[in-house]
Amino acid sequence: MWVMVLGDLVIFAGYFVVYMIYRTMNSAEFLAAQQHLDINIGVVNTVILLTSSWFMARGVLAARAGQHRQAIRLIYACGLGGVLFMLFKGYEWYAKISAGHTNTDLFYSFYYVITGVHLVHVLVGLIVLGVVVRELRNPGRRRVSMVESGAVYWHMVDLLWVIIFGLLYVLR
């Protein structure tokens, strides 16, 4: 899991570097386009993912303590955060595309690619959480290491979002 996480971080670092180069070369265009992002939705999504990470961390502690039912409930709450994130992001994309902010604009090309790849990672994270819950439900397969590996992946997804939020929504 750590190799995959580090590989993903390297790939996203490449996205971020290329974004910053283009942003520097086209600062007025990027700033004008950025004004159309709804920072409130970005903040809500950030809070949702950070809260989901808190549920995941609590789920790891419950699994370590042998409280498997509690761990399952906490992981479900974590997954709910992922689903809510996807719904808000889908709404945001719909609103942007409906307003004419498509990938014909350089900023929005980066916006859709970076947030889209992140969205795929959230979806993969939800699948990972499903595997973790399946493991916890089966008394013969309960491995805390599996829960911890799922948590590592989920926290990476959250970390990436915090950086994306800073680059796309906050950095002016």
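**Entry 1: Thr102**

I looked up Thr102 in this predicted model and found the residue in the loop between α4 (68–98) and α5 (106–137). I then listed its contacts, leaving aside neighbours within four places in sequence, and noted Tyr108 and Tyr112. I also checked Thr102 against Ala57, 45 residues away along the chain, and got a C-alpha separation of 37 Å.

**Entry 2: α1 and α5**

I turned to the packing of α5 with α1 (residues 2–25). I recorded a distance of 11 Å between the two axes and an angle of about 170°. On the α1 side I wrote down Asp8, Phe12, Tyr15, Phe16, Val18, Tyr19 and Tyr22. These meet Leu106, Phe107, Phe110, Ile114, Val117, His118 and His121 of α5. Sorted by class, this contact holds 11 nonpolar, 2 polar and 1 charged residues.

**Entry 3: His121**

I followed up His121, which belongs to helix α5. I put His121 down as buried because its relative accessible area is 11%, and the limit is under 20%. Which residues does His121 touch, not counting those up to four places away in sequence? I found Asp8 and Phe12, and also Tyr153, Met156 and Val157. Asp8 and Phe12 are among the α1 residues I had already listed against α5.

**Entry 4: Phe107 and the nonpolar core**

I looked for the largest nonpolar core and found one of 47 residues. Met56 and Phe107 have the most contacts inside this core. At least two of its residues come from each of α1, α2 (27–34), α3 (39–64), α4, α5 and α6 (144–170). As background, nonpolar side chains tend to be buried together in soluble globular proteins.

I then went through the contacts of Phe107, not counting residues up to four places away in sequence. They are Tyr19, Glu29, Phe30, Ala33, Gln34, Leu37 and Leu168.

**Entry 5: α3 and α4**

How do the axes of α3 and α4 cross? They cross at roughly 165° and come within 8 Å. The crossing of α3 and α4 is left-handed. I divided the residues of this contact by class into 17 nonpolar, 6 polar and 3 charged.

Terms used: Residues numbered from 1 in each chain as written. Predicted model: local features only at pLDDT ≥ 70, side-chain atom pairs only at ≥ 80, totals over all residues. Heavy atoms only, no water. Helix = DSSP H or I, 4+ residues; strand = E, 2+ residues; numbered from the N terminus. Contact = heavy atoms within 4.5 Å. Axes fitted to C-alpha atoms, helices over the stretch in contact; angles between N-to-C directions. Nonpolar A, V, L, I, M, F, W, Y, C, P; charged D, E, K, R; others polar. Core = buried A, V, L, I, M, F, W, Y, C linked by side-chain atoms within 4.5 Å. Buried < 20%, exposed > 50% of the residue type's maximum accessible area, 1.4 Å probe, protein only. Left-handed = near helix turned anticlockwise from the far one by under 90°.
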